[in-house]
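Hi,

Here's the structure I promised to pass on.

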Amino acid sequence: MEKFVITGGKPLHGEVTISGAKNAAVGILPATILAADVCVIENLPDISDVAVSLKILSTLGAGIKMLNRNTYEIDTTHLNCTNVPDDLSRQMRASYYFLGALLSRFGKAQVAMPGGCNLGPRPIDQHLKVFSALGAEDSVDYGMITVRAKELNGAHIFFDKVSVGATMNGMLSAVMAQGQTILENCAKEPHVVDLANFLNMCGADVRGAGTDVIKVRGVEKMHGCTYSIIPDQIEAGSYMVAAVATGGDVLIKNVTPKHLEPITAKLRRAGVDVEEFDDSVRVSRKGDILPLKINTMPHPGFPTDMQPLMGVLLSVAKGTSTITESVWDNRFRYVDELRKMGAVVQVDGQVAVFEGVDKLNPAPLRASDLRAGAAMVVAALMADGTSEIEEIGHIERGYENIVEKLRGLGAEISKVDRMPAALESAM
């Protein structure tokens, strides 16, 4: 029952350090199962999705030792269970990676249908297509997905659509299959490459990650390793937008500038100054925000996870902007919150049209999902006055220490307990 209270209207200034990538971490943690050994994973973000993944591993029988806030030693030698508890798997979308990892090592797995943010249906048909092609049988009963196989054999699999989750599960389930597996029409996101690099460090033979064809030659066994997760491209993009939206000047450290190119290109077109260094970017804005046309696409296109943040920015651009959402059905739910602040936005199906206004006004807001929540934080930082954001658990699924990091940039933000509605009405 907590909420953020933000008093906006101040430019952000200073430096912020970006955490490890959430979307890489939630794939690499289940992948430690394949090692049947000790892995040390560094640069893990301190967020709830990672905490749930570690809890699942512990429940399955892994030994978990925290070495520091962002580094964990994970021993999966003596795993004794292949069923992921229902209550844990429903807390996050990425729980389906445990299917591929457990199937690969034990020939069976059971996981609940994925939870996480409600962005529309999350079909797992492409995941099941991979498991089936490798020789597994699957069933879905009472919301639980069960897969099992006597043995897994390499196969040639063409994905019907580009899917990050299915691409990563394809690699997880094929690394110890007999022979070679060829995956076509693969996702090319940085976290797909990061998972492949981790698997190869553990003795797998995965080639082509980052292109649309990945070849996996099965190995008999794998081993542990020490691995550091890549920086989070979306967290970095979020702070870039926050700096721009408030008219600030921020150095964003611990990033891979190449991963940020789709975001950087759009910001520059909107009139933003972006300086790139080896492992940091500096973002500043002096003039007006210029209108844009954005179409979300799989990598290397503009990332869907950045769409709500850019929508907030374009709500005060000098002119008319359009955003076409090509990935998720329910990604414009944040628009209702933005309208409370005086934004002028029309949504027709998968297209939103933003008529830029002079400024946003403070309002009571809610985080309908992870990225919408981050967008509301930026909107509140832009508004001249105090806004409150509820349902902040969504935001904390993907942003480490967001309050401390924003305070370090000069933002007025605090996290406070929200009184239950029943108590409020009784007073």
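The crossing of H1 and H7 is right-handed (the near helix is turned clockwise from the far one by less than a right angle). Before going on: this is a predicted model, where local features need pLDDT of at least 70, side-chain atom pairs count only at pLDDT 80 or more, and totals for chains, interfaces and linings use all residues. Residues are numbered from 1 along each chain as its sequence is written, and side-chain values use heavy atoms, with hydrogens and water left out.

Helices (H or I, at least four residues) and strands (E, at least two) are DSSP runs, numbered from the N terminus. The axes of H1 (residues 22-35) and H7 (residues 190-201) come within 9 Å and cross at roughly 25°. Because angles under 35 degrees count as roughly parallel, H1 is roughly parallel to H7. Axes here are lines fitted to C-alpha atoms, for helices over the stretch in contact, and angles run from 0 to 180 degrees between N-to-C directions.

Which residues meet? In H1, they include Gly27 and Ile28, and in H7, Leu195 and Phe198 are among them (contact means heavy atoms within 4.5 Å).

Now the sheet: it's open, with four strands in the order E2-E14-E16-E15 and mixed pairing (two strands pair if DSSP finds at least two bridges between them). E2 (13-17) and E15 (273-276) stand at the edges with a single partner strand each, so one side of each has no neighbour in the sheet. E15 and E16 (residues 280-284) run antiparallel, joined by four bridges. Valine 274 has valine 283 in E16 as its bridge partner.

Cheers

Technical notes. Parallel < 35°, antiparallel > 145°, perpendicular 65-115°, else oblique.
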